[in-house]
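Please read them alongside the structure shown here.

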Amino acid sequence: MEDLAEPARTPRPGEAAQMVREQYTTITEGTHIERPENQAVYKIGIYGWRKRCLYLFVLLLLIVLLVNFALTIWILRVMWFSPVGMGHLHVTADGLHLEGESEFLFPLYVKEIRSRVDSSLLLQSTQNVTMNARNTEGEVTGRLKVGPQMVEVQSQQFQIHSKDGKPLFTVDEEKVMVGTDKLRVTGPEGALFEHSVETPLVRPDPPQDLRLESPTRSLSMDAPKGIHIQAPAGKIEALTQMDIVLQSSDGTVVLDAETVCLPELALGSQGPAGSSQGLYEVCVCPDGKLYLSVAGMGTTCHEHSHLCL
């Protein structure tokens with residue numbers, strides 16, 4: 001028996017590729033591969049109620065975005081925002097320029113407030129308007145408060161100047177100075193001074209009379225170089241309930257007039273008829289009292305000296 005196996009032959013590279021190709025073709029054409037019936041299928045993504053909730057959330061976000069955008073446009077429109085400012089408020093190189101009326105709910109800190117050239121500056125409040133000046137430490141050094149009842153100024157000195165810089169009115173802790181040429185008091189009761197007054201001239205308006213009156217106390221006028229009372233177009237009256245004293249410590253009391261009338265002086269007894277011829281002399285008592293005595297060849301005051309008692 002000659003059953004000898006043939007020796008194995010190593011195929012060449014081209015033959016090996018041809019064998020693999022034929023084997024793959026035979027298997028793929030005649031082979032039926034069975035797959036399991038209950039094979040699980042996994043879906044990738046969001047489905048069902050989760051998908052609907054996501055779409056609803058995205059829709060709400062879109063609505064909120066549109067509402068915010070509309071509100072932003074409306075605010076810009078109402079507040080009048082512009083590249084130079086907001087509404088009547090404009091930002092310039094010199095500061096802030098404000099047109100029309102404005103209301104400040106909190107304190108306003110500024111260095112300078114100026115009105116327009118063709119209009120006045122108006123500060124208005126339902127309660128009061130208060131302006132404070134502070135030092136570097138924050139302490140109030142000056143205050144101007146305008147209220148419904150009064151105007152209050154708190155400062156070391158208060159001054160009012162004219163447009164050319166002349167001081168018109170100055171007040172400090174020691175004195176009050178009026179720098180005008182004329183101080184006029186228009187009240188019907190005049191001016192009331194509780195203490196002394198120093199002035200070089202007291203004069204009323206031309207059609208009115210000058211009255212110096214002290215209803216309950218005495219009236220005193222003192223001057224180092226004299227007191228001059230003049231009424232070029234009228235008369236001077238001195239009325240008092242008690243005494244009028246004209247006293248000169250180093251000089252005389254001069255009554256210089258064409259006629260000096262003393263109508264209510266005490267009159268001494270009449271002399272013989274026709275002896276006085278209607279002439280009288282004025283006699284003075286040691287205490288200064290005046291009385292009339294019938295004129296004679298000599299003085300007759302001693303005859304009626306009992307009037308001094």
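1. Helices, taken as H or I runs of at least four residues, and strands, taken as E runs of at least two, are DSSP runs numbered from the N terminus. On that basis, the span of residues 53–76 is 100% helix and 0% strand, and its end C-alpha atoms lie 35 Å apart. The model is a predicted one.

2. An open sheet is formed by three strands in the order β5-β6-β7, with antiparallel pairing. From one strand to the next, the twist averages 10°.

3. Within this sheet, six bridges join β5 to β6 (residues 140–146) in the antiparallel sense. Ala133 has Gly142 of β6 as its bridge partner.

4. The second largest pocket has a volume of about 2200 Å³. Its lining comprises 42 residues, and those nearest the pocket centre are Phe104, Leu108, Ile113, Leu121 and Leu123. By class, the lining residues are 18 nonpolar, 15 polar and nine charged.

5. Which strand supplies the largest share of the lining of the second largest pocket? That strand is β5, with six residues. At least two lining residues come from each of β3 (89–92), β4 (95–98), β5 and β6. In domain terms, domain 1 (43–100) and domain 2 (126–155) each contribute at least three residues to the lining of this pocket.

Conventions. Residues numbered from 1 in each chain as written. Predicted model: local features only at pLDDT ≥ 70, side-chain atom pairs only at ≥ 80, totals over all residues. Heavy atoms only, no water. Pairing = 2+ DSSP bridges. Axes fitted to C-alpha atoms, helices over the stretch in contact; angles between N-to-C directions. 1 Å grid on protein atoms, 1.4 Å probe; cavity = no way out; pocket = protein on both sides within 12 Å on 5 of 7 lines; lining within 4 Å. Points joined across faces, edges and corners; volume = space filled by probe spheres on them. Nonpolar A, V, L, I, M, F, W, Y, C, P; charged D, E, K, R; others polar. Domains from an automatic or database assignment.
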